[in-house]
Amino acid sequence: MISTIPPSVKSHPPASSMRIEPRFILSIQGREFVKFEGLLDLAHRNGLTDVQTELIQVPGESNGNVAIIKARVQVERGTFTGVGDACKGNVNPKIAPHIIRMAETRAVARALRLACNIGMCSVEALGGDLEPA
């Protein structure tokens with residue numbers, strides 16, 4: 001499923017409310033990534049009122065142990081969705097026992113990025129060795 005922006009989205013809030021504080025940005029291998037906590041902070045400043053998640057796929061042997069979560073977030077401008085996945089092959093080894101929670105974090109982060117008009121990838125979307133320990 002592809003994340004969507006509903007046609008009922010209201011106009012953008014003032015630019016000052018759309019800025020992520022520098023403390024929430026990480027530079028990894030020359031690229032900038034936003035931390036989940038920064039997305040959450042920005043979403044609250046933009047009227048976050050609801051976050052809901054749904055487990056779409058339970059990880060199991062028949063699906064390669066991939067967890068898939070759909071998230072829906074609501075801010076003053078509208079409602080936004082995102083999908084996140086996680087499996088042992090796309091997470092840090094320390095996170096591998098927690099793939100459902102990582103898939104949920106990734107889904108919410110994607111929805112928050114859409115809701116807050118953030119084009120940079122979230123740190124949580126990174127997998128393997130690039131993900132901070």
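Modeller: Let us begin with pairing: two strands pair if DSSP finds at least two bridges between them, and the elements themselves are DSSP runs numbered from the N terminus, with helices (H or I) of at least four residues and strands (E) of at least two. This is a predicted model, in which local features need pLDDT of at least 70 and side-chain atom pairs count only at pLDDT 80 or more, whereas totals for chains, interfaces and linings use all residues. Residues are numbered from 1 along each chain as its sequence is written, and side-chain values use heavy atoms, with hydrogens and water left out.

Biologist: In what order do the strands of the open sheet stand, and is the pairing parallel or antiparallel?

Modeller: In general, strands of a sheet pair through backbone hydrogen bonds, in either a parallel or an antiparallel way. Here 3 strands form an open sheet in the order β3-β4-β5, with antiparallel pairing. Because β3 (50–57) and β5 (78–86) each have a single partner strand, they stand at the edges, and one side of each is left without a neighbour in the sheet. Neighbouring strands of this sheet are turned by 20 degrees against each other on average, direction ignored; axes are lines fitted to C-alpha atoms, for helices over the stretch in contact, and angles run from 0 to 180 degrees between N-to-C directions. Helix α2 packs on the sheet, where it touches β3, β4 and β5, and its direction makes about 145 degrees with that of β5 (contact means heavy atoms within 4.5 Å).

Biologist: Over how many bridges does β4 pair with β5, and which residue stands opposite Ile 68?

Modeller: Strand β4 (residues 67–75) pairs with β5 over 9 bridges, and Ile 68 stands opposite Asp 85 in β5, while the bridge partner of Ala 67 in that strand is Ala 86. The two strands β4 and β5 form a hairpin with 2 residues between them. On the other pairing, β3 and β4 are joined over 7 bridges, with Asp 50 opposite Gln 74 in β4.

Biologist: Which residues of β4 make up its covered face, and which its uncovered one?

Modeller: In a regular strand the side chains alternate between the two faces of the sheet. For β4 the covered face holds Ala 67, Ile 69, Ala 71, Val 73 and Val 75, and the uncovered face holds Ile 68, Lys 70, Arg 72 and Gln 74.

Biologist: How many salt bridges does the structure hold, and which residue forms one with Asp 50?

Modeller: A salt bridge is a side-chain nitrogen of Lys or Arg within 4 Å of a carboxyl oxygen of Asp or Glu, and the structure holds 4 of them. Asp 50 forms one with Arg 72, the closest N and O atoms being 2.8 Å apart; since Asp 50 lies in strand β3 and Arg 72 in strand β4, the pair ties together parts that are 22 residues apart in sequence. Another joins Glu 21 to Arg 23, with the closest N and O atoms 2.7 Å apart. As for exposure (buried is under 20% relative accessible area, exposed over 50%, partly exposed in between, with a 1.4 Å probe and protein chains only), Arg 23 is exposed at 55%, whereas Glu 21 is partly exposed at 30%.

Biologist: Where is Glu 124 placed, and is Glu 124 buried or exposed?

Modeller: Glu 124 lies in the segment after α2 (99–115). Glu 124 is buried yet has no salt bridge, and the nearest side chain of opposite charge, Arg 106, is 8.0 Å away; Lys and Arg count as positive and Asp and Glu as negative, while His and the chain ends are not counted. The side chain of Glu 124 does, however, reach the backbone nitrogen of Phe 36 at 3.2 Å.

Definitions and conventions:
Polar contact = N/O pair within 3.5 Å; in protein donor to acceptor, adjacent residues only side chain to side chain.
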